[in-house]
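Grab your viewer, try each task, and then follow the solution step by step.

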Amino acid sequence: MVISLFSFPSPPSLFANAMSIFNLLALIASGYMEMIGKNKQYAKFCDNDTGSNKPKAMEKLKLPSRIGMLVFYTPSFLVGLASFTFFPHQDSRFLMVISVLTIHFFKRILEVLFVHKFTGSMMLKDAITIGLSYGVSTATMIYAQYLSQECPEPALDLKYIGLVMFFIGITGNFYHHYILSSLRKKGDREYKIPKGGLFDVVICPHYMFEIVEFIGVCCICQTGCTFCFTLGTMFLLMGRSYATRKWF
């Protein structure tokens, strides 16, 4: 089969296979919801209206944006870090997979702490939902990769191509996050339409480079599980980009 040229066989795990399909469908649904205006309540889409028409109980269920973003990324970073010791018999591809996933989420944590400038809040339920989703998806990808070590390698080895794409993606993503951060001077609370870099060409180049990054991860893994996550992430980020364009 053609698919065997590019991918490991499906792992002998009902859990991994079921979670792959679930992640794909959930991410596609999330992207669709973003497109129709039912946005996850964080960043510029968080409704910070504290008027009388909003229940006070809902106001109490918000987190400062910086804390909420740490809730997004810390569980996945810890999953990746634990994988270095939790899984025995690690081959080179498996080490590459857990390394790039851990680096991705560690970089996001550092950006939250030292690069991004936050002024608002986000809904607690969205922070928990997204954090759990990232954590479970990361664990599933790593587990599927661990199981694939017993399978024959794909005919085409894409892991080094994937590594190059990962570093291009993570560098471009960081650069455009830095541009976004530099738009806000001390005391600014307003969002501004970004300029510079590829913002003059693409609505959300930081999302575009994140897609490149995860295509790289997919090429390193070469598993159906990571393909499902990458495809779903593309739909989600395209939906979020469409919503951003409308917001602008």
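Contact means heavy atoms within 4.5 Å. Helices (H or I, at least four residues) and strands (E, at least two) are DSSP runs, numbered from the N terminus. This is a predicted model, in which local features need pLDDT of at least 70 and side-chain atom pairs count only at pLDDT 80 or more, while totals for chains, interfaces and linings use all residues. Residues are numbered from 1 along each chain as its sequence is written, and side-chain values use heavy atoms, with hydrogens and water left out.

**Exercise 1. Describe how α6 packs on α9, and list the residues that meet.**

Step 1: Two packed helices are described by the angle between their axes and the distance between the axes. Axes are lines fitted to C-alpha atoms, for helices over the stretch in contact, and angles run from 0 to 180 degrees between N-to-C directions.

Step 2: For α6 and α9 the axes come within 8 Å and cross at roughly 150°. The pair is therefore roughly antiparallel (angles under 35 degrees count as roughly parallel, over 145 as roughly antiparallel, 65 to 115 as roughly perpendicular and the rest as oblique).

Step 3: On the α6 side you will find Ser137, Thr140, Met141 and Ala144, which meet Cys225, Thr226 and Phe229 of α9.

Step 4: Sorted by class, this contact has 4 nonpolar, 3 polar and no charged residues. Here Ala, Val, Leu, Ile, Met, Phe, Trp, Tyr, Cys and Pro count as nonpolar, Asp, Glu, Lys and Arg as charged, and the others, Gly among them, as polar.

**Exercise 2. Work out the relative direction of α5 and α6, and the residues in their contact.**

Step 1: Helix α5 covers residues 92-114 and helix α6 covers residues 124-148; they pack at an angle of about 165°, with axes 9 Å apart.

Step 2: That angle is why α5 and α6 are roughly antiparallel to each other.

Step 3: From α5, the contact uses Arg93, Phe94, Val97, Ile98, Leu101 and Phe105; from α6, it uses Tyr134, Thr138, Met141, Ile142, Gln145 and Tyr146.

Step 4: The residues of this contact divide into 9 nonpolar, 2 polar and 1 charged.

**Exercise 3. Is threonine 138 buried or exposed, and which residues does it contact?**

Step 1: Threonine 138 is in helix α6. Its relative accessibility is 1%, so it counts as buried (buried means under 20% relative accessible area, exposed over 50%, partly exposed in between, with a 1.4 Å probe and protein chains only).

Step 2: Set aside neighbours within four places in sequence, and threonine 138 is in contact with Ser76, Val79, Leu101 and Phe105.

**Exercise 4. Find the direction of α2 relative to α9.**

Step 1: Helix α2 (residues 14-35) and helix α9 (residues 224-247) have axes that come within 7 Å and cross at roughly 5°.

Step 2: At that angle, α2 is roughly parallel to α9.

Step 3: The contact of α2 with α9 has 12 nonpolar, 6 polar and 3 charged residues.

**Exercise 5. Look at phi for histidine 89 and for glutamine 222, and find the accessibility class of each.**

Step 1: Most residues other than glycine have a negative phi, and most peptide bonds are trans.

Step 2: Histidine 89 has a positive phi, near 55°. It sits in the loop between α4 (65-86) and α5, and at 70% relative accessibility it counts as exposed.

Step 3: Glutamine 222 has a positive phi near 55°. Its place is the loop between α8 and α9, and its relative accessibility of 3% makes it buried.
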